[in-house]
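Here is a short tour of a protein model, meant to be read with the picture open. Take a look at it before reading on.

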Amino acid sequence: MSVRLQGVAAAPGLALGRAALWHPRAGHGPEAPGDGAAPGDPEQAMARYREAARHVRAELESLQQVVAGRAGTEAAAILGAQALMAEDPELAAEVERLLRHGTPLARAVREAGEAMAALLDALQDPYLRQRAADVRDVTGRIAAALAGGEEAPPAPYEDTVLIAPEIPPSAVARLDVGRVRAIVTAGGGATSHAALLAKGLGIPAVMGCSGVLEAATEGDAVAVDGDAGSVLVRPEPAEEEAFRRRVARAAEEAAGLARLRDLPAVTAYGRKVMLAANLARAAEARAALEAGAEGVGLFRTEFLFLDRPDLPGEEEQFAEYRAVAEAMAPRPVVIRTLDIGGDKFLPALPLPREENPFLGWRGIRLWLDREDLAVPQIRALLRAARHGEVHILLPMVADVSEVRRARALIERVRAGLGEAAGPYKLGIMVEVPAAALAADRLAAEAEFFSIGTNDLVQYTLAADRGNPKVAALSDPLHPAVLRLIDMTVRAAHARGIPVAVCGDAAGDPRVIPALVALGVDELSMPPAAIPAAKRQVRSLTEADVQAAIRGL
Ligand code: PEP
Ligand code: MG
């Protein structure tokens, strides 16, 4: 008899394979290897600890490279942050303290890791809470290294479905992607770093699937639906056949979309719309090109600054911006200046607590006040502009004066760079209603606009973008939002400058017809959304798009 289980859809895709049950030996179970060992000399134990931590750091750094190359996603940064954690001085100090109190080394590592994870667990910020699992993963690996090495997740079949109580992010990064078709875990959730990594690697995953460990035995056939979050253990022949047909249909669909790659995104009535990619790291450029992106419409530089204890300097930023510019050349790459504050924070840059952070010191406001951040970024951007077509985009603009100040600063830096600076265009993000309402004034100050619908919707409808209680209000098709987009496009086109949309709405099939109807020139979205958007744009008739804004 088949068993159907429901979990959480953690990474999309369908897969049929054989169950490999995995109970990772190391880590943070109630007992870890070596827990009961007699305490030895603390000095010697500490030396062993440092050696193991160094080893784990090196391993995580090389995994980071592998994942960046293979998945090309911001996911690789998770492993980079974990690599740093491995040699965290506070963690080492806590291990040392426990050793001096006579705790055996393996238990000291586990307890120190648990103490650090518990602190993070207790925090309000979901992002920081997420890191608790990462800390446990790292200290689990150190404990495993001390016990003689960690087992890699098994991949005994060429169609392995890995089933585990939980899976730490670093184990996802070590999966044999040629043989592991899907992951199912009893615990964990869709927003975990492990889920993000699975998505980046294109491995379907269902997490929080309680009962799976009891239902499946080694080698069982398992059908995993990473879109719906469901798992079918030992499907009946008819069920298996139906699932196989779905897998085949999905593969056909993907092949059909791939064939569109080199065709232009032109509507059925002949209007060209540029489709571009939103990227977080240069390593993702490959995925953008494979998806048929005609450029990068939004490069969010924050990701270079997140998940690390220090700030990236000019050289590191230059290398990243240059890499994305070169990879995409001769296509344009729009790089947004650092957009933090609101819901985005940097470990290396503690910001004052604000009553209303979304209405506070964020985006261009903070950036203009902090030349120590802005100047190295501008230098890196202008230097990268010699290696491709780099455009600079300013986030959170509410007033003309901000754009003037930004341009003056950029020009000052450019004068200092002389020959080392390349040509650039300056664009404005329209994501504050004031910018849309005064778009005619702003259009005189910039070479292009990019509408950030995520923020424009939240500010227009006064509905926090991260609050699920008001999610129903957050509708980019609300007439108030569409009217602001309309005003923006009209003002831009009156001045002869193009308008992109780079918020989530740009890749949303429900919203695309309205955006095309309003005259938006470019849609910028995650690379994975481009093929379907292209198919939709190519099928749009004039009647379709007019219907989308009827009555506006
Ligand atoms: C937006 O607000 O729509 C946008 C693209 O910026 P972010 O999502 O990074 O705030
Ligand atoms: Mg925004």
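In H7, the buried residues are His193, Ala194, Ala195, Leu197, Ala198, Gly200 and Leu201. "Buried" here means under 20% relative accessible area, while exposed is over 50% and partly exposed is in between (1.4 Å probe, protein chains only). That makes helix H7 (residues 193-201) mostly covered, with 7 of its 9 residues buried. Helices (H or I, at least four residues) and strands (E, at least two) are DSSP runs, numbered from the N terminus.

A quick word on the ground rules: this is a predicted model, where local features need pLDDT of at least 70, side-chain atom pairs count only at pLDDT 80 or more, and totals for chains, interfaces and linings use all residues. Residues are numbered from 1 along each chain as its sequence is written, chains are lettered from A and ligands numbered from 1 in the order in which they are written, and side-chain values use heavy atoms, with hydrogens and water left out.

Now for some strands. S13 is mostly covered too, with 5 of its 6 residues buried. Strands S12 and S14 each pair with S13, as the table shows (two strands pair if DSSP finds at least two bridges between them).

| Strand paired with S13 | Sense and bridges | Residues facing each other |
|---|---|---|
| S12 (residues 389-394) | parallel, 4 bridges | histidine 391 and lysine 425 |
| S14 (residues 448-451) | parallel, 4 bridges | phenylalanine 449 and isoleucine 428 |

S12, helix H15 (residues 400-417) and S13 also make a right-handed β-α-β unit. Right-handed means that, with the strands pointing away from the viewer, the path from the first strand over the helix to the second runs clockwise.

Next, the metal. Glu431 (OE) and Asp455 (OD) coordinate the magnesium ion (ligand 2) at 2.0 to 2.2 Å. The pair links distant parts of the chain, 24 residues apart: glutamate 431 sits in the loop between strand S13 (425-430) and helix H16 (433-437), and aspartate 455 in helix H18 (residues 453-460). Donors are N, O and S atoms within 2.8 Å of the metal (3.2 Å for Na, K and Ca), and water is not among the atoms, so sites may look incomplete. Glutamate 431 counts as buried because its relative accessibility is 2%, and aspartate 455 counts as buried because its value is 2% as well.
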